[in-house]
Amino acid sequence: MSDRSPGSARSAAGAAASELVNVGREQVHVVEEGPADGPPLLLSSGLGGAWFDWRPSTDLLRGRNRVIAFDRPGLGLSPAAIAAPTLRREADVLAALAERAGRPVTVVAHSMAGFHAEALARLRPDLVRGLVLVDPSYEPHPHELVRYAAAVTPLATAAGVFFGATRLAKVLGPLGRRAVLKHTSRRDEPVPDAVVRSVYGRGTVLGTVIAEDIAYREQAVDLVRLRERRPFPAVPLVVLTALGDLKGEAKKREWSEGHARLAKMTPYGSQVDLPDSLHMVQLDRPDAVADAVSEVLRAEETV
């Protein structure tokens with residue numbers, strides 16, 4: 001099964017520029033919109049996500065900003081990854097895309113990508129003007145007994161190849177995407193079904209989703225260790241907290257308090273509860289994402 005070319009994305013992205021970009025040893029699919037001289041925003045999706053997860057938010061952001069959405073290696077329309085998904089690899093990908101933008105960026109990261117955005121800010125503060133963390137993953141006490149993600153990733157890749165070769169991916173991928181979206185958003189897909197099938201029907205994507213899920217815990221542990229070595233820069237930060245899919249006031253309070261601790265990493269941080277939003281905030285509440293970006297951009301001018 002062959003991967004789709006980036007040209008396939010142009011019909012879904014409208015007039016957006018869509019291309020494959022070299023980032024070190026990897027290649028990633030990038031969709032760029034908005035004025036070239038606008039403040040650069042780098043949008044990073046959660047576990048297994050695709051560039052079109054940001055479509056409703058991008059519609060509100062592209063008028064004044066240079067909006068750069070991308071697919072991590074092996075996801076969306078990006079080719080299969082060469083290296084296993086690690087915190088350092090993801091931070092390096094973000095760094096390469098920020099350098100490509102030509103000036104420091106504001107990173108807007110959802111869910112697991114919050115790990116990567118924070119790592120970038122700590123490792124390369126020169127590339128980051130501010131951050132918006134969209135219902136980011138938060139692990140207060142992650143632990144690992146054995147590091148096995150790198151050893152298991154080839155098996156995940158092989159599973160993806162099998163799914164693609166047997167055409168199971170064309171059935172399982174879109175079904176899995178629909179099942180996940182049903183529990184994480186109140187909205188339908190932001191792009192036509194054909195685009196969703198073209199992405200989640202790829203065996204490469206299924207294998208990468210498995211690999212990212214396996215790597216999640218190790219990335220959380222690596223971030224805790226990075227926090228001990230590298231300070232978080234004094235840049236503007238807004239943390240958006242989705243509470244609509246949490247059962248019980250205790251869980252909602254715990255999740256909100258964890259995000260409040262993330263916001264306190266910088267003196268210019270704030271946290272916003274969204275009681276009506278499910279986890280896919282960029283679909284459910286694109287207005288909240290746009291407001292958070294505006295707040296960070298305004299703060300950047302005074303920091």
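Predicted model: local features only at pLDDT ≥ 70, side-chain atom pairs only at ≥ 80, totals over all residues.
Residues are numbered from 1 along each chain as its sequence is written, and side-chain values use heavy atoms, with hydrogens and water left out.

Colour A169, G173, P174, R177, L181 and T184, which are the buried residues of helix 6 (buried means under 20% relative accessible area, exposed over 50%, partly exposed in between, with a 1.4 Å probe and protein chains only). They cover an arc of only 105° around the axis, which puts them on the same side of helix 6; the arc is that of the directions from the helix axis to the C-beta atoms. On the face turned away from this buried side, look for the exposed residues K182 and H183. Then show helix 5 (149–165), helix 7 (193–200), helix 8 (203–229) and helix 10 (281–284), which are among what covers the buried residues.

**The largest pocket**

Next display the largest pocket, with a volume of about 400 Å³. Of the 22 residues lining this pocket, L47, G48, V180, Y200 and V209 are the closest to its centre. Helix 6 gives the most to the lining, with seven residues. By class, the lining of the largest pocket holds 11 nonpolar, nine polar and two charged residues (Ala, Val, Leu, Ile, Met, Phe, Trp, Tyr, Cys and Pro count as nonpolar, Asp, Glu, Lys and Arg as charged, and the others, Gly among them, as polar). A pocket is an open set of points on a 1 Å grid over the protein atoms alone, with protein on both sides within 12 Å along at least five of seven lines, and lining residues have an atom within 4 Å of a point. Grid points are joined across faces, edges and corners, and a volume is the space filled by probe spheres set on the points.

**V107 in strand 5**

Finally, select V107 in strand 5 (residues 105–110), a buried residue with a relative accessible area of 0%.

Note on methods. Helix = DSSP H or I, 4+ residues; strand = E, 2+ residues; numbered from the N terminus. Contact = heavy atoms within 4.5 Å. 1 Å grid on protein atoms, 1.4 Å probe; cavity = no way out; pocket = protein on both sides within 12 Å on 5 of 7 lines; lining within 4 Å.
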